[in-house]
Amino acid sequence: MGVKNIERLIEERQKIEPIDPAELTLEEKVVEIRRTTRVVEGGRRFSFSTLAVVGDRNGHVGFGHGKANEVPPSIAKAIADAKKHLIRVPLIEGTIPHDVIGKYESAVVLLKPARKGTGVVAGGPVRPVLELLGVTDILTKIIGRTTNPHNTVRAVFDALLQIRSPEQVASIRGVDEEKIRKNYRIYASSPIVK
């Protein structure tokens, strides 16, 4: 079957609904910096690989990867790459509209909407993606066999690409949009019962 290319899926989404990073006020977070070594005849050559996430905390988020011989250029390359891979995700009152599972290689991530006051229940590389997206209440779980940050971030983006807005769901089902939006709001806005 082969492995999904998340970058290609994002590029196809951008052809349909283009996003201009210059119009957004983007924040950046570095998820991971790895030092890699190549052994050559004269000794070892070190280089750095960086995974970064950018987002405007208002429904737009992207990730990128950069490599360089020093840390600052690799971070700059990763941020520039992340700005090329921005997506827009529909949010309802600080949470996602519905449950979704994202997969990339052996990384599997579950995202579930949560009630107001829950907070971002996420760990590792999932948290910076959701915080920069603008999610304030969500439940997540890494249920795959790996916790590799590169694969986990791609699994999160696979899940985010599957999220449908109430308008899209209403048009697919042939139901009134306000009915679907009302169902989503009931779950998102009800207080936590203690």
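Me: This is a predicted model. What share of the 194 residues in the protein is buried?
Reply: Buried residues make up 46% of the 194. To count as buried, a residue must have under 20% relative accessible area.

Me: What makes helix H4 mostly covered?
Reply: The count of buried residues. In H4, 13 of the 14 residues are buried.

Me: How do you know that the length of H4 agrees with what a helix should span?
Reply: H4 covers residues 149-162, which is 14 residues. At 1.5 Å a residue, H4 should span 20 Å. Its end C-alpha atoms are 20 Å apart, so the two values agree.

Me: Which contact sits at the start of H4?
Reply: One from asparagine 148. A side-chain oxygen of asparagine 148 comes within 3.0 Å of the backbone nitrogen of histidine 150. The cut-off for a polar contact is 3.5 Å, so this pair meets the distance test.

Me: Why are strands E1 and E2 said to pair?
Reply: Pairing needs at least two bridges. E1 (residues 27-40) and E2 (residues 43-55) are joined by 13, so they pair. The two strands run antiparallel. Arginine 38, for one, has arginine 45 in E2 as its bridge partner.

Me: How many residues lie between E1 and E2 in their hairpin?
Reply: There are 2 residues between them.

Me: How many helices and strands does the protein have?
Reply: It has 6 helices and 8 strands.

Me: Why is the protein called as compact as a globular protein of its length?
Reply: Its radius of gyration is 18 Å. The globule rule gives 16 Å for 194 residues.

How values were computed:
Residues are numbered from 1 along each chain as its sequence is written. This is a predicted model: local features need pLDDT of at least 70, side-chain atom pairs count only at pLDDT 80 or more; totals for chains, interfaces and linings use all residues. Side-chain values use heavy atoms; hydrogens and water are left out. Helices (H or I, at least four residues) and strands (E, at least two) are DSSP runs, numbered from the N terminus. The expected span of a helix is 1.5 Å times one less than its number of residues. Buried means under 20% relative accessible area, exposed over 50%, partly exposed in between (1.4 Å probe, protein chains only). A polar contact is a pair of N or O atoms within 3.5 Å; within protein, one must be able to donate a hydrogen and the other to accept it, and residues adjacent in sequence count only if both atoms are side-chain atoms. The radius of gyration is taken over C-alpha atoms; the globule rule is 2.2 Å times the number of residues to the power 0.38.
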